[in-house]
Amino acid sequence: MTLRWWKSIWGKATMSLQVETINVFYGQLHIIRDLSLSVAKGELVCIFGSNGHGKSTLLKAVCGLIKSQSGSVIYEGVDITNHRVWEIVKRGIVYIPEDRNLFSGLTVMENLMLGAYLSKARPKAEENLRTIFHLFPRLEERKKQIVSTLSGGELRMLAVGRGLMTGADCLLIDEPSIGLSPLLKTEMYNVIKRISEKGQCTIILVEQDVKEAQWLADRIYLLKHGEFVFEGRKDALDEETIKKAFL
Amino acid sequence: MEFISNLGITIISGTILGNIYGLMALGLTLIYGIGNIFNFTHGAFFIWGAYLAWFLITQVHLNMFLSILLSVSCLFLFGLIWEKWVLKPKRQDFVSIITIGLGLMMILDSMAHYLFDPTKKALPPLVEGNVDLFFVTRSMNEVVDFLIAMGILFTLWFFFSKTRVGMAIRAVSENNVGASIIGIDVDKIYTLSFAIGISLAGLSGILLAPEVYISTEAGGDALLKAVIIVILGGLGSVKGSMYAAFILGMIESAISMYVGMFWVLPSWFFIMVLILALRPRGLYGTR
Amino acid sequence: MAQGNAIKYLPLGGVIAIFLAFPFLYTNPYILHILILCIIWSVVASAWNLILGYAGVISFGQLAFFTLGAYTVGMLHKFLHISPWIGLGLAGIVPALVGLGIGLVCLRLRGIYVLLITLSLQEIVPVFIKWQTQYTGGAVGFSDMPKLAIGSFSYGNNPLPFYFTAFFMAALFIFIIHKIIKSSIGLAFVALRDSENFARTLGVNDYKYKVLVFIISAFITGVMGGLYGLYIGFATPSLCGWEYVVILLIAIFLGGEGKFPGEIIGTFFIIAATELLQGTSSLREAALGTTIILVVFLLPGGLISMIHRLRKKIGEGLRKTSVGAGQSG
């Protein structure tokens, strides 16, 4: 009856998303090492780390795009480890990738409406669409445009918007600010904060730049070489720790 | 007067041929564009569609419409089962998939030989009689074929732009990762696309059957023609396949009329080599 | 140690000795016939494996080169009175030229295009043959094959001289193929096959190599096609059918894709099996189709990888028994 065991029981009862000691390999490379993570419902958690340390891999392992060799992922009490991606989306987790994976031959509107593909998402489609256009007015302006004609920032917005259309209550957002101008970065972060404040979404945000994004978070993790070297509230985070994590 | 008449026949035949070839090429394009599989069995299903329909019409004495429906449905069902149980485990491996396709083609060809006896068969025409169109008399059958093909094409257009499943297929063909992360069951889509592809092959075989005698050789021809159409149109492009089908259909019609039927395939082949040398993407190729 | 090197070549020498001695030990002409076919087809399989397994080019048109070779030898003799020996050389050159044309066009494109154009070649060659009936004999086939002769000694229908001719040509071509694989070209291809991006950064220009290997493979296949035509005495468009493609593919997979000389062993098995199990043609096709599907599923590594595993196990076993109790492995 160790503390760890109690924590795990408490976690299972209260946490929305629980990742327990997962290991992910790319061929021979051990990317994610015995990693555990838990997120409460409605929390906005930020995971920071340099490139190549496993940030995207972690998100992909949670949402099913990459297989984890051991450990488990539990969402809302259901073990979703290594389930198919679309099954996990049905359960309520949506991954918003860094490389967007949008449907470039289709229009903005078609991409968004496809976001509401799942039957559970369809009744809320109209409402979600309105919310998204409210959050990203630029998308509404361009709604009939073919996606391949959009700018980098607009593509990011569309990726987030399409993810929201799924009606998922857990968003895994992968480096949303990459390649954006400082102004757009702030806009994007504000939007994410607003989504979080509405209270219904659990958000895991993965980013490189701690300083820029740490104000968003309820809790922060620092990822280095596939392991967490820090976990806690943002006020507990100091310069030293950040430096060590990014060396 | 004969010149005009010949020209008329050429244009009309070309249009009709182009239409049906479009359907045929569509089957191949779909399977490649969505699942990244080259379907070696395209020609085999082309003739099996026709053979099944022939069998149902002449041996089981079902009516024409029902026979065609049943034949295409059989192919569709087979496609679902085959993709799900045989192709799925090897989807990552291109060479394995085409080799399996080659194997299936051998099996299908040999069974067609064995069951339906190699003497060439002709499907009875769908409709009897002739019709006059712009100075030219054509058989009613060709016109009906054309209308059916147009109807199918329209249905497909509707399916792919207005229905949920159709849009899902398009999503998968655009970006299969993107499709999976919004909840589309990509596995099911691959299976469905394969089944649709071979059904279209079989359907075009039925439509072309009264014009062309069915034989196992026709399967190889159909495969070759579909390949050339798809290359001209551009791999993975539906629009390209349709345009290419019309162009090549016209060329076939003109060559048959003015030079000789035997020149059709060599000239198509030559066009293909030219395209690959000068503009490999074809008309509208994206991949 | 010179001794060690010599021992390496022992199995090869043994095989060659067996082949050379065989017809004097077993004079059964039927068995000789099967062996000749095995020898010819194994070279074709090897040439195909060179381009498919090593250069990674998804070419399915090899049989077209084979067929072109057979027809070239026959037609050149019939219409231009070219001696069959020279004809054999040209039987290689004509397909090589076709291969050059096709290769230049498609080898710089993606794999699917190579597949499509070689497949089209496979389908169109019989069409050409059946078309120009007056030259080629059409669908019935070309039966005016000349008889090979050395000086005044004519081969006639005797399999024995064909056996030795085939064996020596095969040995030559297989040696060439082996040399290519072991050469820097071969290594470059293995590098490309296993890690394309990295190999490119090292400056490996695959296009030129691919075209070269493609031409060589077409040449070899064409010559063997010519020899086949001379031996069998006729050539038909059905040579260019999918049946032989499947047979060779089974041999290549069974032999262990990409691992020379596995495909040679594989070919011997499958050709012997095909000849010995003469069934009705259509059921044979179905059997071949089923076999290759099964091969794809059950033997991903092929026969040679099984042999390698066996060799390892035998080697381990030997080591274990020769090591005493107190020594480390």
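At what angle do the axes of helix H4 (residues 108-115) of chain A and H7(A) cross, and within what distance do they come? I found that the two axes come within 7 Å and cross at roughly 35°. I took axes as lines fitted to C-alpha atoms, for helices over the stretch in contact, with angles running from 0 to 180 degrees between N-to-C directions.

Conventions. I note that this is a predicted model, in which local features need pLDDT of at least 70 and side-chain atom pairs count only at pLDDT 80 or more, while totals for chains, interfaces and linings use all residues. I number residues from 1 along each chain as its sequence is written, and chains are lettered from A and ligands numbered from 1 in the order in which they are written.

Chain A overall. I counted 10 helices and 10 strands in chain A; helices (H or I, at least four residues) and strands (E, at least two) are DSSP runs, numbered from the N terminus. The C-alpha atoms of chain A fill a box of roughly 55 × 40 × 35 Å along the principal axes.

Helix packing on H7(A). I listed the residues of H4(A) that meet H7(A): A:Val108, A:Asn111, A:Leu112 and A:Gly115. Their counterparts in H7(A) are A:Leu158, A:Gly161, A:Arg162, A:Gly163 and A:Met165. Contact here requires C-beta atoms, placed from the backbone, to lie within 7 Å. By class, the contact of H4(A) with H7(A) has four nonpolar, four polar and one charged residues. I counted Ala, Val, Leu, Ile, Met, Phe, Trp, Tyr, Cys and Pro as nonpolar, Asp, Glu, Lys and Arg as charged, and the others, Gly among them, as polar.

I next examined helix H5 (residues 125-135) of chain A, which packs against helix H7 (residues 152-165) of chain A at about 155°, with axes 9 Å apart. That angle makes H5(A) roughly antiparallel to H7(A), a term applied to angles over 145 degrees. A:Ala125, A:Asn128 and A:Ile132 of H5(A) make the contact with A:Gly161, A:Leu164 and A:Met165 of H7(A). I classed this contact as four nonpolar, two polar and no charged residues.

The sheet of chain A. I traced an open sheet of six strands in the order S6-S7-S8-S3-S9-S10, with mixed pairing; two strands pair if DSSP finds at least two bridges between them. Strands S6 (93-96) and S10 (227-232) stand at the edges with a single partner strand each, so one side of each is left without a neighbour in the sheet. The twist averages 15° from one strand to the next. Strand S9 (residues 219-224) and S10(A) run antiparallel and are joined by five bridges. I noted that A:Leu222 has A:Phe230 in S10(A) as its bridge partner.

Interfaces. I found 30 residues of chain C in contact with 34 residues of chain B. H5(C) gives the largest share of the chain C side, 12 residues. By class, that side has 24 nonpolar, four polar and two charged residues.

How values were computed. Angles under 35 degrees count as roughly parallel, over 145 as roughly antiparallel, 65 to 115 as roughly perpendicular and the rest as oblique. Two residues are in contact if their C-beta atoms, placed from the backbone, lie within 7 Å.
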